[in-house]
Amino acid sequence: MATQLGLLPVTLGSLPLLSRDDAGVEWVVVDVKGWASSAGVRSETTAREADHGAWASRVYFDARPITITGSISAPSTAARDAALDQLTVAVSLDDTLLVVGETVPKQALVRRSGELLVELVGPYEATYSAIVTAADPRRYATVLQSQSTGLPSVTGGLTLPITMPITISTTSTGGGFTLTNAGTIATRPIFTLLGPAALPVITATRPDGAIFQLAYSQSLGAGDTLVIDTAAHSAILNGSVSRRPFISAQPSWPEILPGSSLSVRWTASAYDPAAVLTGTCRSAWM
């Protein structure tokens, strides 16, 4: 069912589709079909032998096809044609950010997946229909959460010589933060480690007590950066070198459940004040 957006702003790449631009062209979005409705699903069933029913596989969401329809009204034919050229560029074959300004603005990466249909209406106006598809069907918050922490450190303790009786007080600081997901489907964080860090281990704990660990079996030198993408199941060192074989994810890659949070801590085999862990994520909606 089509979603009538009214005057909600829609932006495709750098092109606002609800605006009056510097050339005097008025862009109006009529519909963004497939945005607010659920993406399709894929599943399989296998008939049970000598019994009623079937065995059901896990159900997964499919890619999200989206049809954007709208109109263009220009002060001249030349301005109209230039606007249509902008639209052709925006409906790209490459990943392009689609942003819809709902109460909580959301975004998705889309690519052209069908014809860009344009109908000229007189000398100054045109209507259009563009088909794009988000390979990842989730609709993500436009606001990126980002939290950082150094390695945990301990202060206090025992100083010799001592006089009985004694009291030992220690304080542990750093090493942890919390990421949250306000959406309706699980989202997957990205962790960035800045060295030096010897044999770092990231531990993520859900409110229900489930614990996930990401252990890196190598060491990071000063200035090294390791990016661990829990959605792509990848580990990239210094922007170009895959270190996936050296990452152990137990019992699985962590994700943040809908309407929930993830408590993140990390350690290394040696303390260094320059080491930093950063976690980022976006709340996700289906």
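## Salt bridges, a sheet and a surface patch

R188 and E255 form a salt bridge, with their closest N and O atoms 3.3 Å apart. R188 sits in the loop between β17 and β18 (190-194), while E255 sits in the loop between β26 and β27, so the pair ties together parts that are 67 residues apart in sequence. A salt bridge here means a side-chain nitrogen of Lys or Arg within 4 Å of a carboxyl oxygen of Asp or Glu.

Keep in mind that this is a predicted model: local features need pLDDT of at least 70, side-chain atom pairs count only at pLDDT 80 or more, and totals for chains, interfaces and linings use all residues. Residues are numbered from 1 along each chain as its sequence is written, and side-chain values use heavy atoms, with hydrogens and water left out.

**Salt bridges**

- Side chains of opposite charge can pair when their charged atoms come close.
- Searching the whole structure turns up 10 salt bridges.
- R188 is partly exposed at 35% relative accessibility, and E255 is partly exposed at 23%. (Buried means under 20% relative accessible area, exposed over 50%, and partly exposed in between, using a 1.4 Å probe and protein chains only.)
- R20 pairs with E26 in a salt bridge, the closest N and O atoms being 2.7 Å apart. R20 is exposed at 58% relative accessibility, whereas E26 is partly exposed at 36%.
- D136 forms a salt bridge with R138, and here the closest N and O atoms are 2.9 Å apart. D136 is partly exposed at 29%, but R138 is buried at 15%.

**The sheet**

- Five strands make an open sheet in the order β17-β27-β20-β21-β26, with antiparallel pairing. (Strands are DSSP runs of E, at least two residues, numbered from the N terminus; two of them pair if DSSP finds at least two bridges between them.)
- β17 (176-181) and β26 (247-250) are the edge strands, each with a single partner, so one side of each has no neighbour in the sheet.
- From one strand to the next, the twist averages 20°.
- Strands β20 (residues 201-205) and β27 (residues 260-267) run antiparallel and are joined by 5 bridges. T205 stands opposite S263 in β27.

**A nonpolar patch**

- V41, V59 and F61 make a nonpolar surface patch of about 260 Å². (Patch residues have over 30% relative accessible area and no salt bridge, and nonpolar side chains are joined within 5 Å.)
- F61 belongs to strand β8 (residues 60-61) and is partly exposed at 33% relative accessibility.

Technical notes:
Helices (H or I, at least four residues) and strands (E, at least two) are DSSP runs, numbered from the N terminus. Axes are lines fitted to C-alpha atoms, for helices over the stretch in contact, and angles run from 0 to 180 degrees between N-to-C directions. Patches are made of residues with over 30% relative accessible area and no salt bridge: like charges are joined within 9 Å, nonpolar side chains (Val, Leu, Ile, Met, Phe, Trp, Tyr) within 5 Å. Accessible areas come from the Shrake-Rupley method with a 1.4 Å probe; for residues, only the protein chains shown count as cover.
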